[in-house]
Amino acid sequence: MNINEIRKEIDALDVEIRSLLMKRLDFSEKVARTKIEAGELTIFRADREEEILKRLGSEVSEDRRAGYLAVVRKIMETSRMYQYGIMFDSIENLFSPLAENLNIQPSNTRVRVSLTRENRPNAMSSILSMIGDYGFNMDRMELISQDSEKVTFELLIIGNLNDEKMRKLMFQLSKESKNFSIIYSY
């Protein structure tokens, strides 16, 4: 095969992958709606995701495993983002408790948050990826504390809390972190 024929094959696979990802998101929506009906707001379960990654990774050759698992992690992150968005759109006032005592102004351009996550591989990289997936950039990230079990960071995110996507991001961060708080917006 020449390079153009190879690229055509890859292009055809991309269409199949898109179709499968859309089917997966259809099921993610069903999960979110089922959880909403049950009054459950927990989507992220690190233990379940680690179990899935271990199972799926065991079926892939060592030379491809890291790359394959990176893609699976991203698919799971995307699924969670979609589910949290459905919850946010379906349930009133999910953001209000997160913004208590904040003076949110239309001119604000930064949001400072503090969050704690389990100290494990990809714990913070998934947070940084999530911020980018919502369309925001980081201004600063500061390690506050770390031990063998948990890591705490303060993040300065460029954006405004009046933006619905920023509110959805704050909701998801609050659900996927321990000790989450919006420190201030300016």
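User: For residues at least 6 apart in sequence, what share of the contacts join residues at least 24 apart?
Analyst: The share is 74% of those contacts in the chain. Contact means heavy atoms within 4.5 Å.

User: What kind of model is this, and how are things numbered?
Analyst: It is a predicted model, in which local features need pLDDT of at least 70 and side-chain atom pairs count only at pLDDT 80 or more, while totals for chains, interfaces and linings use all residues. Residues are numbered from 1 along each chain as its sequence is written, and side-chain values use heavy atoms, with hydrogens and water left out.

User: How many helices and strands are there?
Analyst: The chain has five helices and four strands. In sequence order the pattern reads α-α-α-β-α-β-β-α-β. Helices (H or I, at least four residues) and strands (E, at least two) are DSSP runs, numbered from the N terminus.

User: What box do the C-alpha atoms fill?
Analyst: Taken along the principal axes, the box is roughly 60 × 35 × 35 Å.

User: How much of the chain is buried?
Analyst: Of its 186 residues, 36% count as buried. Buried means under 20% relative accessible area, exposed means over 50%, and partly exposed is in between, with a 1.4 Å probe and protein chains only.

User: Take L155. Where does it lie, and is it buried or exposed?
Analyst: L155 is in strand β3, residues 150-158. L155 counts as buried because its relative accessibility is 0%.

User: What is L155 in contact with?
Analyst: Leaving aside neighbours within four places in sequence, L155 is in contact with V111, R112, V113, L115, M124, I127, I131, M138, R140 and M141.

User: How far is L155 from L128, C-alpha to C-alpha?
Analyst: Those two atoms are separated by 9.4 Å, and the residues are 27 apart along the chain.

User: Changing topic: how many salt bridges are there?
Analyst: The count comes to 15 salt bridges. A salt bridge is a side-chain nitrogen of Lys or Arg within 4 Å of a carboxyl oxygen of Asp or Glu.

User: Why would side chains pair like that?
Analyst: Side chains of opposite charge can pair when their charged atoms come close.

User: Which residue does K74 pair with?
Analyst: K74 forms a salt bridge with D133, with the closest N and O atoms 2.5 Å apart. This pair links distant parts of the chain, since K74 is in helix α3 (residues 62-90) and D133 is in helix α4 (residues 123-133), 59 residues apart.

User: Why do K74 and D133 count as partly exposed?
Analyst: K74 counts as partly exposed because its relative accessibility is 29%. D133 is partly exposed too, because its relative accessible area is 35%.

User: And what about R80 and E176?
Analyst: Their side chains meet in a salt bridge at 2.7 Å, N to O. R80 lies in helix α3 and E176 in helix α5 (residues 164-176), so the pair ties together parts 96 residues apart in sequence. R80 and E176 are both buried, with E176 at 4% relative accessibility. A network of salt bridges links E49, R80 and E176.

User: What else does E176 touch?
Analyst: Not counting residues up to four places away in sequence, E176 touches F44, R80, Y84, R117 and M130.

User: How do α3 and α5 sit relative to each other?
Analyst: Their axes come within 10 Å and cross at roughly 110 degrees. That makes α3 roughly perpendicular to α5. Angles under 35 degrees count as roughly parallel, over 145 as roughly antiparallel, 65 to 115 as roughly perpendicular and the rest as oblique. Axes are lines fitted to C-alpha atoms, for helices over the stretch in contact, and angles run from 0 to 180 degrees between N-to-C directions.

User: Which residues make the contact of α3 with α5?
Analyst: On α3 they include R80, Y84 and F88, and on α5 they include R167, F171 and E176.

User: Then α1 and α3: how do their axes cross?
Analyst: The axes of helix α1 (residues 3-38) and α3 come within 9 Å and cross at roughly 45 degrees. That makes α1 oblique to α3.
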